[in-house]
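Me: I've got a new structure to go through. Walk me through it in plain words, please.

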Amino acid sequence: MTFGFAPSAAASMSDFSTSAEMSADSTNRLTRMLEPAEWSAAGIPLLRNPREVVSGLHARHRPMPATAVVAVLDPEERIRASASFTRRPSAADGWVFRNALLAQLRRIIPHDLRRRTPVRTAVLLYCREGDARWTQEDGAWMWGLRDACTLHGLRCGAYITLTRDGWQVLGEGRGGRRPSSGSQPETFADTDPPPPRTGGAASDVLRRAAAR
């Protein structure tokens with residue numbers, strides 16, 4: 001003869017409620033991500049020299065896997081501010097990523113919400129494991145970057161992944177082998193190059209040589 005306990009109605013309802021909440025949360029996370037086609041259709045401005053931007057951020061922050069680097073570029077694509085942080089181990093959620101990016105942007109640069117048209121652009125470099133193919137985690141970062149830029153008055157710029165295979169600008173198909181997640185930072189000048197010199201004895205010599 002065996003004895004057992006049938007689950008109470010309250011317990012069954014609690015289990016159902018928990019399951020429904022988990023399902024709803026999973027559905028919400030899926031809506032807070034962008035696929036490459038959606039990203040391309042959003043009119044994200046192309047970087048004129050993506051390798052220079054990637055190399056500059058890699059040299060400044062030396063990201064390891066699970067490190068995000070957000071940077072603000074001026075109209076000449078010079079890096080005006082940047083910050084890096086490590087992603088916490090949790091489900092990929094664009095809303096969580098948006099809040100993390102927005103907190104970093106507020107810390108490193110004033111907002112441009114008073115401008116009618118944004119003049120500065122935010123880009124995101126994310127170093128992760130795996131290959132360069134798009135993942136749902138990438139889609140959540142894309143959603144988060146776009147939303148954070150809107151809330152901070154910036155143009156939404158490129159999303160770049162850094163893996164063992166190199167770097168890749170998602171949605172554009174541009175990339176390179178160096179730097180990669182395992183490479184050493186390249187030599188990088190943190191200041192703008194000096195303007196070309198004009199005049200002086202050397203210029204006079206060159207002009208006379210050219211005249212001959």
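Me: What is the bridge partner of Val72 in E2?

Reply: In E2, Val72 has Ala81 as its bridge partner. Before we go on, this is a predicted model, where local features need pLDDT of at least 70, side-chain atom pairs count only at pLDDT 80 or more, and totals for chains, interfaces and linings use all residues. Residues are numbered from 1 along each chain as its sequence is written, and side-chain values use heavy atoms, leaving out hydrogens and water.

Me: Good. How many helices and strands does the protein have?

Reply: There are 6 helices and 6 strands. Both are DSSP runs numbered from the N terminus: helices are H or I with at least four residues, strands are E with at least two. From the N terminus on, the order is α-α-α-β-β-α-β-α-β-β-β-α.

Me: What order do the strands take in the sheet?

Reply: The order is E2-E1-E3-E4-E5-E6, in an open sheet of 6 strands with mixed pairing. Strands pair if DSSP finds at least two bridges between them. At the edges sit E2 (79–86) and E6 (174–176), each pairing on one side only. On average, neighbouring strands in this sheet are turned by 15° against each other, direction ignored.

Me: Is E1 mostly covered or mostly open?

Reply: Mostly covered: 7 of the 7 residues in E1 are buried. Buried means under 20% relative accessible area, exposed is over 50%, and partly exposed is in between (1.4 Å probe, protein chains only). Thr67, Val69, Ala71 and Leu73 point one way from E1. Ala68, Val70 and Val72 point the other way. For the protein, buried residues make up 38% of the 212 residues.

Me: How many bridges join E4 to E5?

Reply: There are 4 bridges, between residues 155–163 (E4) and 166–169 (E5), and the two strands run antiparallel. Ile160 stands opposite Val169 in E5.

Me: Which helix lies across E1, E2, E3, E4, E5 and E6?

Reply: Helix H3, residues 50–61, lies across those strands, and H3 runs at about 55° to E2. Axes are lines fitted to C-alpha atoms (for helices over the stretch in contact), with angles from 0 to 180 degrees between N-to-C directions. Helix H5 (136–152) packs on the sheet too, touching E1, E2, E3 and E4, and its direction makes about 150° with that of E4. Contact means heavy atoms within 4.5 Å.

Me: Where does Gly56 lie?

Reply: Gly56 lies in helix H3. Gly56 counts as buried because its relative accessibility is 0%. Gly56 and Ile79 are 23 residues apart along the chain, and their C-alpha atoms are separated by 8.2 Å.

Me: New topic. At what angle do H4 and H5 pack?

Reply: At about 45°, with the axes 7 Å apart. H4 and H5 are therefore oblique to each other. Under 35 degrees is roughly parallel, over 145 roughly antiparallel, 65 to 115 roughly perpendicular, and the rest oblique.

Me: Which residues of H4 and H5 make the contact?

Reply: From H4, they include Trp95, Phe97, Leu101 and Leu105. From H5, they include Ala140, Trp141, Leu145 and Leu151. By class, the contact has 11 nonpolar, 3 polar and 4 charged residues. Ala, Val, Leu, Ile, Met, Phe, Trp, Tyr, Cys and Pro count as nonpolar, Asp, Glu, Lys and Arg as charged, and the others, Gly among them, as polar.

Me: How far apart in space are Leu30 and Ala140?

Reply: They are 8.3 Å apart, C-alpha to C-alpha, though 110 residues apart in sequence. Leu30 lies in helix H1 (residues 9–31). At 46% relative accessibility, Leu30 counts as partly exposed. Among contacts between residues at least 6 apart in sequence, 68% join residues at least 24 apart.
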